Amino acid sequence: MEVRAHAKLNLTLDVLGRRPDGYHDLRMVMQSVALADVLTLEESGDGELRVRTNLHFLPNNEKNLAAQAALRWWEARGQVPRGLEITIEKSVPVCAGMAGGSSDAAAVLRALNELEGAGLSPAQLARIGERVGSDVPYCVTGGTALAEGRGEVLTPLPPLPPCWVVLCKPEFSISTPALFAKIDSVKLRCRPDTQGVIAALEAQDLVGVARRMYNVFEDALPERQRSRVNDIKNVLIQCGALGASMSGTGPTAFGLFDSEALAREAQERLTGVGGEVFLTRTV
């Protein structure tokens, strides 16, 4: 079976505080985009679980979230792990704040659910996904949603009006654990207007959503990295983006466009600056 694993963006991301279990309570509006990895699942006759990718540095064993998803699936079903080969053609940038690994894991759960005729609901798949990673439950269904708790408490929202998205991941990666450890001691400049974004979605007001996008983790970035993300956002705005923000714990910055021509101009401008640049659409 072949299945697509769509990248996600954070239209908003707010950290409400640290929980007794060491995690943080989050409140964020998530959105899927067409940029996606392609996974192929095949039974293997030797009983081994393997992952193959087009990126040599990614783990090909149980450390890969796609393999973890398969193991958690069989565990939840009370089954013995079986031979399975998962081939991943990566297009979503790695360590970019776009849930590339989590989306791959969610795609494996959806595929196994169909291959085995299990008939589990998206909510049931999401509960299995919680045991793999906090972003996996959202990635099971995708679309536009409010995510709370660690990210596993999901409320579907009206879809973001269709638009173009230009993404740029700079030449560096961000340590998610390090940023979460730092966020409690950072003075936040402001917080996202999450309710305003939800109201704009209900009104199908793309401009209203774009102008309210914000991610508190931008304030926790080291100075040089924050400056680079801001430079990308400025280019996007100068090229006509309705709004720009950073996704997840970064460092990918993105802008929303209602014009394909302006989006392509931004793509060309950023391609000359460095990093990985993508032009895609919302889903």
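I shall speak about ring pairs, then charges over rings, and then one serine.

What you see is a predicted model, in which local features need pLDDT of at least 70 and side-chain atom pairs count only at pLDDT 80 or more, while totals for chains, interfaces and linings use all residues. Residues are numbered from 1 along each chain as its sequence is written, and side-chain values use heavy atoms, with hydrogens and water left out.

Let me begin with the aromatic rings. A pair of aromatic rings is described by the distance of the centres and the angle of the planes. Rings of Phe, Tyr and Trp (its six-membered ring) pair if their centres lie within 6.5 Å; planes under 30 degrees apart count as stacked, over 60 as edge-to-face and the rest as tilted. By this rule the model holds 1 aromatic pair. The ring centres of F180 and F217 are 5.0 Å apart and the planes stand at 75 degrees, so this pair is edge-to-face. F180 belongs to helix α5 (residues 176–183), and F217 to the loop between β8 (214–215) and α8 (223–238), so the pair ties together parts that are 37 residues apart in sequence. Helices (H or I, at least four residues) and strands (E, at least two) are DSSP runs, numbered from the N terminus.

How accessible are the two partners? F217 is buried, at 1% relative accessible area, whereas F180, at 23%, is partly exposed. Buried means under 20% relative accessible area, exposed over 50%, and partly exposed in between (1.4 Å probe, protein chains only).

I turn to charges over rings, where NZ of Lys or CZ of Arg must be within 6 Å of the ring centre and within 35 degrees of the ring normal. The charged end of R150 sits over the ring of Y23, 4.0 Å from its centre. R281 lies over the face of W164, 4.3 Å from the ring centre. R281 is in strand β11 (residues 276–281) and is partly exposed, at 32%. A polar atom of its side chain lies 3.1 Å from the backbone oxygen of C163.

Finally, the serine. S44 is in the loop between β2 (24–43) and β3 (49–53), and at 14% relative accessibility it counts as buried. Its side chain makes a polar contact (N or O atoms within 3.5 Å; within protein, one must be able to donate a hydrogen and the other to accept it, and residues adjacent in sequence count only if both atoms are side-chain atoms) with the side chain of D46, at 3.3 Å. A polar atom of the S44 side chain also lies 3.1 Å from the backbone nitrogen of L84.
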